[in-house]
Amino acid sequence: MNELIRCARAIAGGRQREDFAFVIGDDGAISDAGDYADVRGRNSAVSTRAFPADRLIVPGFVNGHSHAYQILLRGWADDWGFDRWRKDALYRVVARLSSDDVYWVFVAAFSEMLAAGITSVAEFFYLNGSGNAHAESVLRAAQETGIRLVLARAWMDAVHAPEAFRETPDDAVARTSALRSAYPSAAICIAPHSLHAASETMLRAAVDFSRENACDLHVHVAETREDVALSMETFGKTPVLALDGVGLFTQRTVVVHAIYVTDEEKALLGRGACASFVTQ
Ligand SMILES: [Zn+2]
């Protein structure tokens, strides 16, 4: 590509800059940035594209947690409670998607994200019950639309989940390893779904896999009051304490939601036991 972008106004380094410029190198990465006069001087032969003062150039947004196929559910069943929505809307539609359907749905969803300024997405992807073909469709859609993808490949073995989502811990390990080997340049990590959708055996396997493969681990935590009630009933502990009990919170853990947590649990998570939070 090799193009110099001149911005009358830009956000860079956390502040607004005027007459700012950056250079996109042949590999698509930013190779230089700073005041226009300086950047121009260092890149005198590079062609220029300029944005006027009525445009503010900002860094790409990051979508930290996505289930992109849910665009198929827009405008339908959004007044239902979570359990009914999951069972009679989400599971009813998404579980039936073919690999080809997944490809086109993700082309549409990723294109929408890019049009909205989202350049990176962490996709928490469920449809792994019959192998990696569906996940490969997601990787292809990301490559072809140009979005930067972290594929958080879900691991689920709860009996209430549709077969299209469910796999044994051994299959999850073997298939995830195969996918990471087949796509060594892709960012593929794991996502043991949650306390209610992954068994203790699966959660422990996920902790081991994350450690042995030095890969991140995304997990839904305390998303609803029902999550907390179910955890208390099943384990006699809140979701954070139950997950902490199996060693799930490490420097490689990305905690998703964590809405119903106590001050003590916030402190536990905040002591650096996990990498980051995504709250929606
Ligand atoms: Zn989610």
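Q: Into which domains is the protein chain divided, and how far apart do their C-alpha centres lie?
A: This is a predicted model, and its protein chain splits into domain 1 (3-57) and domain 2 (61-278). Take the C-alpha centres of domain 1 and domain 2, and the gap between them comes out at 37 Å.

Q: Of contacts between residues at least 6 apart in sequence, what share joins residues at least 24 apart?
A: The protein chain holds nine helices and eleven strands. Two residues touch here if their C-beta atoms lie within 7 Å. Count the pairs at least 6 apart in sequence, and the share joining residues at least 24 apart is 66%.

Q: What span is expected for helix 3, at 1.5 Å a residue?
A: Helix 3 covers residues 99-115, which makes 17 residues. From first C-alpha to last it reaches 24 Å, close to the expected value, 24 Å.

Q: Why do the buried residues of helix 3 line one face?
A: The buried residues in helix 3 are Val102, Val105, Phe106, Ala109, Phe110 and Met113. An α-helix has 3.6 residues a turn, so residues three or four places apart point the same way. Looking down the axis of helix 3, the buried residues line one face because they fall within an arc of 125°.

Note on methods. Residues numbered from 1 in each chain as written. Predicted model: local features only at pLDDT ≥ 70, side-chain atom pairs only at ≥ 80, totals over all residues. Helix = DSSP H or I, 4+ residues; strand = E, 2+ residues; numbered from the N terminus. Domains from an automatic or database assignment. Expected span 1.5 Å × (residues − 1). Buried ≥ 20, exposed ≤ 12 C-beta atoms within 10 Å, placed from the backbone. Arc of directions from axis to C-beta.
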